[in-house]
Amino acid sequence: MSLREITGNCQPKLPRGVRLKQDLVRNEWLLLAPERVIKLNPVAQAILQRCTGLASVDAIVDDLSQTFAADRSRIDTDVRALLADLAQKRLLDI
Amino acid sequence: MTMNAHEVPPAPIGLLAELTHRCPLGCPYCSNPVQLESRSDEIDTESWKRVFSEAAALGVLQVHLSGGEPLARRDLVELVEHCAKVGLYTNLITSGIGMSPTLVTRLADAGLDHVQLSIQDSTAASADKIAGYDGAFAKKREVARLVCDAGFALTINAVIHRANAGRAGNMVALAIELGARRVEIAHVQYYGWAVPNRAALMPTLVQAQAAIAAVEALKKQHAGEIVIDHVIPDYHARYPKACMGGWGKRTINITPQGRALPCHAAESIKSLEFWNVAQHSLADIWYQSPAFNAYRGTQWMNELCRTCERREIDHGGCRCQALALAGDAAATDPVCHKSPDHGKMQQIVLAEEAAHVEAYVYRRLKGGGGASSL
């Protein structure tokens, strides 16, 4: 099986068993997954909070570039890099 | 106090809850102690709930519901529900025996996050022989389907040893067939029941290397399809493993009776005093108990480890292995090539891998527990 290409129409979703958690003890955002705890920086947190299975990659990028008043192409690169990395680790469905 | 005075240990990340030692299988490499705890000694539902609440407050993120076979606990669904309520990520570590369509649905509804299912081999006859349980393999196939159909992410776990090392790659293929997103291929480690079975379990170096190469090749081939977590044997390595990520640094293990341990094998170190959750809060156990503080930091180390550039990387290796092979829990793990006991360990490896022992000492509760006690 080859990796599915991440197109603008993909609707990424965290699968069951992978979820975001705001850790109030350590005061940080985490991604909890089977035998894994991944610390998230604010950018990764903002991206993953939008991976509901409803929003498309294009819509997520639009939303983020507006919210953070940032360059769209740069956000697009960041989003795709993170999604590809997590999909490769089977922590995200695309 | 053996810790450096200024160091405060980080909050724990994981809690391994050995809910029971009862288990229908008899796997000869089981990491439970040879002296298994009986049902009448198990702590009750309310005690576990309190432990889980305290764990969440302390900073624990993930709870591994294990055993023995956790499905043998009639209150399992209630415990999962409670963990979910206090925000803990729950991972069920099971043999699958005892799972039913009704139970899998109830666990899903209770908020269980993840299921890890063990397999013993890729062929039924050998798998059932290793487990000491006829029909285990067929049952596990069925349970994998139930788990996936219920929408869970499934991990398959396989322990590699002499009898199945030639099929390590086939076990990855089986995990994919069963619908797993993740597979753990872990070479046997010699704790608990694996100690009396060492001569029957130890593969030859050639067997171990072939199994490792097969699995590493599959990692690349199946990237993006299944994640392969590979635990390779440490006894041929030059440096020891960073056991548990450091003593008292990441995880707490609670036995069925409620004793809190820094690792599942820690009770083999008889000189340590382990506190029970019935008498102490989890926070007191983590920060104050003598067992958790015994090997934190570097001040307990001998000269060899304390002056080593890897002291913060592997923490001197495994304390239980140091005791078992070097006779001193504070010694350098004999896996380390610098250890004065390294030669002794290699002799054991050579002798046991050449042994022609085939009969297992199956894991059993005293008085014929096992399946009948479920």
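Mentor: What follows starts at the contact between the chains and then moves into each chain in turn.

The model is predicted, and every value below is computed from it. At the contact, 34 residues come from chain B and 22 residues from chain A. The area buried between the two chains is about 2,200 Å², and carbon and sulfur atoms account for 47% of that area. Three residues of chain B, namely B:Leu61, B:Tyr89 and B:Arg181, supply 29% of the area that chain B buries against chain A, more than any other three residues.

The rule finds 16 residue pairs in polar contact between chain B and chain A, counting pairs with both residues at pLDDT 80 or more. On the side of chain B that touches chain A, several elements give two or more residues, among them helix 1 (45–58), strand 2 (62–66), strand 3 (89–94) and strand 4 (114–119) of chain B. Strand 5 (153–160), strand 6 (182–187) and strand 7 (227–231) of chain B are also in that group. Helix 1 of chain B gives the largest share of this side, three residues. By type, the residues on this side of chain B are 17 nonpolar, eleven polar and six charged.

The count of salt bridges between chain B and chain A is three. One pair in a salt bridge is B:Asp229 and A:Arg36, whose side chains meet at 3.0 Å, N to O. Within chain B, the side chains of B:Glu184 and B:Arg182 form a salt bridge at 2.9 Å, N to O. B:Glu184 and B:Arg182 are both buried. These pairs belong together: A:Arg36, B:Arg182, B:Glu184 and B:Asp229 are linked in a network of salt bridges.

Now to strand 4 of chain B, one of the elements on the contact side. Six of the six residues in this strand are buried. In a regular strand the side chains alternate between the two faces of the sheet. In strand 4 of chain B, B:His114, B:Gln116 and B:Ser118 point one way, while B:Val115, B:Leu117 and B:Ile119 point the other way. Both sets are buried. Strand 3 of chain B runs parallel to strand 4 of chain B, and four bridges join them. In one of these pairings, B:Asn91 has B:His114 in strand 4 as its bridge partner.

B:Phe292 lies in helix 10 (residues 290–293) of chain B. Its relative accessible area is 0%, so B:Phe292 counts as buried. Leaving aside residues up to four places away in sequence, B:Phe292 touches B:Trp247, B:Gly248, B:Thr251, B:Ile252, B:Ala260, B:Leu261, B:Pro262, B:Ile285 and B:Trp286. The C-alpha atoms of B:Phe292 and B:Cys263 are 9.6 Å apart, although 29 residues separate the two along the chain. B:Arg22 sits in the loop between strand 1 (14–18) and helix 1 of chain B. A polar atom of the B:Arg22 side chain lies 3.3 Å from the backbone oxygen of B:Ala72.

Chain A has a hairpin made of strand 1 and strand 2 of chain A, with four residues between them. Strand 1 (residues 19–23) and strand 2 (residues 28–33) of chain A pair in the antiparallel sense over five bridges. A:Gln22 stands opposite A:Trp29 in strand 2 of chain A. In the turn, A:Asn27 has a positive phi of about 55°.

Over all chains, the count of salt bridges comes to 29. In chain A, the side chains of A:Arg80 and A:Asp76 meet at 3.1 Å, N to O. A:Arg80 and A:Asp76 are four residues apart in helix 3 (residues 72–88) of chain A, so about one helical turn separates them. A:Arg80 is partly exposed at 26% relative accessible area, whereas A:Asp76 is buried at 17%. In chain B, the salt bridge between B:Asp149 and B:Arg145 spans 3.6 Å, N to O. B:Asp149 and B:Arg145 both lie in helix 5 (residues 136–149) of chain B, four residues apart. There B:Asp149 is exposed, at 58% relative accessible area, and B:Arg145 is partly exposed, at 48%.

Technical notes: Residues numbered from 1 in each chain as written. Chains lettered and ligands numbered in written order. Predicted model: local features only at pLDDT ≥ 70, side-chain atom pairs only at ≥ 80, totals over all residues. Heavy atoms only, no water. Contact = heavy atoms within 4.5 Å. Buried area = accessible area lost by both parts, 1.4 Å probe. Salt bridge = Lys/Arg side-chain N within 4 Å of Asp/Glu carboxyl O. Polar contact = N/O pair within 3.5 Å; in protein donor to acceptor, adjacent residues only side chain to side chain. Nonpolar A, V, L, I, M, F, W, Y, C, P; charged D, E, K, R; others polar. Buried < 20%, exposed > 50% of the residue type's maximum accessible area, 1.4 Å probe, protein only. Pairing = 2+ DSSP bridges.
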